[in-house]
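Biologist: I have a model open and I'd like to learn how to read it. Could you take me through it feature by feature?

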Amino acid sequence: AAVWEEVFGDPADFVLQFARAYPKDCFYTAVSENGETASILSLLPICFSSENENRPARYLYAVATSEKYRGRGLSSKLFSEAMRILQEPLVFTVPAEESLFAFYKKQGFEDWSDCADLRFYAKKRTVKAEKIDAESYIVLREKLLSGKAHIVFTAREVQFAGQGYRVSDDQSEGVLLGDLRGNEWLFQECI
């Protein structure tokens, strides 16, 4: 937990919440140096949907190396070892920073979707946002993404990511997944 807290700035209770949400089916690995955890990596089980075919895959999440151990190739070693053990042909990730794109390309990742230039626009009209449960979020999300390649969420992913909302006006509807962290909203997804 210490490496996670140091690198991502998340409080210990968030790290514990993550570990409780993915206790058995998540692949966790770490490397230690000098008796302390130096680098961590987790691979979450997911489902990828493309052309009406669902395939098992993994989502690379929370890859981190303590600052004092960076530059030694520890994350690369963890990733290589995880791929050797899991033999997972399909792995996705969303780099948290622009600087990480080169790292993931070295690991064999390819650009699949470009969301870097995401902007929100709004017209002056009434938009309703209603809280919905995880299952309702998933049903509406799948409807909106029908025919498009996407990662399929389970209730567990929706609940971990935050509160689901159905957003609509008199012309359209969508979904929004987010959570209030302190005084700021953190949106995980907007469709």
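**Reading the model together**

Modeller: Leaving aside neighbours within four places in sequence, Arg-141 is in contact (heavy atoms within 4.5 Å) with His-150, Ile-151, Val-152, Phe-153, Val-175, Glu-189 and Ile-191. Keep in mind that this is a predicted model, where local features need pLDDT of at least 70, side-chain atom pairs count only at pLDDT 80 or more, and totals for chains, interfaces and linings use all residues. Residues are numbered from 1 along each chain as its sequence is written, and side-chain values use heavy atoms, with hydrogens and water left out.

Biologist: Where does Arg-141 sit, and is Arg-141 buried or exposed?

Modeller: Arg-141 belongs to helix 5, residues 134-145. Helices (H or I, at least four residues) and strands (E, at least two) are DSSP runs, numbered from the N terminus. As for cover, buried means under 20% relative accessible area, exposed over 50%, and partly exposed in between, using a 1.4 Å probe and protein chains only. Arg-141 has a relative accessible area of 4%, so it counts as buried.

Biologist: How many helices and strands does the chain have, and what percentage of its residues is buried?

Modeller: The chain has 6 helices and 9 strands. Of its 191 residues, 38% are buried. Among contacts between residues at least 6 apart in sequence, 55% join residues at least 24 apart.

Biologist: What does pLDDT say about this chain?

Modeller: First the idea: pLDDT is the predictor's confidence in each residue, from 0 to 100. Here the chain averages 83, and 90% of the residues score at least 70. Among the elements, helix 5 has the highest mean pLDDT, 93, while strand 9 (residues 184-190) has the lowest, 74. Then look at residues 114-123: pLDDT stays under 50 there, and the model has 1 contact beyond four places in sequence for them.

Biologist: Next, the nonpolar core. Which residues of the largest one touch the most other members?

Modeller: A nonpolar core is a set of buried Ala, Val, Leu, Ile, Met, Phe, Trp, Tyr and Cys residues joined through side-chain atoms within 4.5 Å. The largest one here has 30 residues, and Trp-4, Phe-18, Phe-92 and Val-158 touch the most other members. Several elements each supply at least two residues of this core, including helix 1 (2-8), helix 2 (12-21), helix 6 (155-161) and strand 8 (173-181). Another core, of 12 residues, lies apart from it, and Phe-27, Leu-41, Leu-78 and Ala-82 are among its members.

Biologist: Which residues have a positive phi?

Modeller: Most residues other than glycine have a negative phi, and most peptide bonds are trans. Asn-34 has a phi near 55°, a positive value, and so does Ala-62. Asn-34 is in the loop between strand 1 (27-33) and strand 2 (36-50) and is exposed at 72%. Ala-62 lies in strand 3, residues 53-65, and is buried at 11%.

Biologist: Last one: how many disulfides does the structure hold?

Modeller: A disulfide is a covalent bond between the sulfur atoms of two cysteines. By the cut-off used, a pair of cysteine sulfur atoms within 2.5 Å, the structure holds 0. Cys-47 is partly exposed at 22% relative accessibility, and Cys-190 is partly exposed at 42%.
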